[in-house]
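Please read the following briefing alongside the sequence and the 3D coordinates.

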Amino acid sequence: ASLLADRDPEVRQAAADAVRGLGPAAVTAPILSALALLLADSNGLVRFSAYNALGWLGTKTPGPILSVLVRLLADKNANSLSKSGAAYALGRLGPAALTEPILDLLTDLVADKDPDVRQATAYALGAVGAAAHSNQFQSALMRLLGDEKHAVRTEAVRVVGRMGPAAATGPFLNMLARCLKTGDFDLRVATMRAVGELGPAAATQPILDALSCELALGIEDAAR
């Protein structure tokens, strides 16, 4: 695992990518420990390769990978980069990570003080929790939809969209209508796409009114 700890970030990134390609044969204690450390690397590309490797390996051998990720997510002393990376890696595992203890951990993280952690948590919930549609999952998602940071809300909106017509309930639709009225372009676009994925049941008056405003603005811009 020494190349995973190399001084050069390009080497660390290439080593993490290589581990991903090796598959289950690379699931050893030294390699998993090194990848866990890379989740907090100072280089964003290295961090991406690390959580991508952990997530991919987890789809093949979920047990050891889940142990690493759960330990990081439950560690009160873990830094924000480690927690964010662990959440993104968890999301790569998909339904394999859908256990009650993991859902409990993710539910706790929606209140994390770091918005990057909350955004990563939204991503993970969308990948591992949407199939559950439990009250716990929906409560966590509702909190993220009302987050103060637009990037967090945008990720949460994408989760609602992936849930499809099952998410066309009063609370979710009200939050989507609020998101359509925000001043953030990316959030509005993500919300419009989510509304489309929910189908006809999402055609509430507040949402229709918000969409009418968007169309009117588009016509005004086109006429200039």
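This is a predicted model: local features need pLDDT of at least 70, side-chain atom pairs count only at pLDDT 80 or more; totals for chains, interfaces and linings use all residues.

Residues are numbered from 1 along each chain as its sequence is written, and side-chain values use heavy atoms, with hydrogens and water left out. The chain has 12 helices and zero strands, where helices (H or I, at least four residues) and strands (E, at least two) are DSSP runs numbered from the N terminus.

**Overall fold**
- Read from the N terminus, the elements of the chain run α-α-α-α-α-α-α-α-α-α-α-α.
- The C-alpha trace of the chain spans about 60 × 40 × 30 Å along its principal axes.

**Helices H5 and H7**
- The axes of H5 and H7 come within 8 Å and cross at roughly 15°, the axes being lines fitted to C-alpha atoms, for helices over the stretch in contact, with angles from 0 to 180 degrees between N-to-C directions.
- That angle makes H5 roughly parallel to H7, since angles under 35 degrees count as roughly parallel, over 145 as roughly antiparallel, 65 to 115 as roughly perpendicular and the rest as oblique.
- The crossing of H5 and H7 is left-handed, a term used if the near helix is turned anticlockwise from the far one by less than a right angle, and right-handed if clockwise.
- In the contact (heavy atoms within 4.5 Å), Ser80, Lys83, Ser84, Ala87, Tyr88, Leu90, Gly91 and Arg92 of H5 meet Asp116, Val117, Gln119, Ala120, Thr121, Tyr123, Ala124, Ala127 and Val128 of H7.
- By class, the contact of H5 with H7 has nine nonpolar, five polar and three charged residues; Ala, Val, Leu, Ile, Met, Phe, Trp, Tyr, Cys and Pro count as nonpolar, Asp, Glu, Lys and Arg as charged, and the others, Gly among them, as polar.

**Largest pocket**
- The largest pocket has a volume of about 160 Å³, a volume being the space filled by probe spheres set on grid points that are joined across faces, edges and corners.
- A pocket is an open set of points on a 1 Å grid over the protein atoms alone, where a 1.4 Å probe fits, with protein on both sides within 12 Å along at least five of seven lines, and lining residues have an atom within 4 Å of a point.
- Leu39, Gly44, Arg47, Tyr51, Leu81, Ser84, Gly85, Tyr88, Asp116 and Gln119 line the largest pocket, and they divide into four nonpolar, four polar and two charged residues.
- Helices H3 (44–60), H5 (80–93) and H7 (115–128) each supply at least two residues of this lining, with the largest share, four residues, coming from H5.

**Other helix pairs**
- H3 and H4 (residues 62–74) pack at an angle of about 140°, with their axes 7 Å apart, and are therefore oblique to each other.
- Leu54, Leu57, Gly58 and Lys60 of H3 meet Pro62, Ile65 and Leu69 of H4.
- H8 (residues 135–145) and H9 (residues 150–163) pack at an angle of about 140°, with their axes 8 Å apart, which makes H8 oblique to H9.
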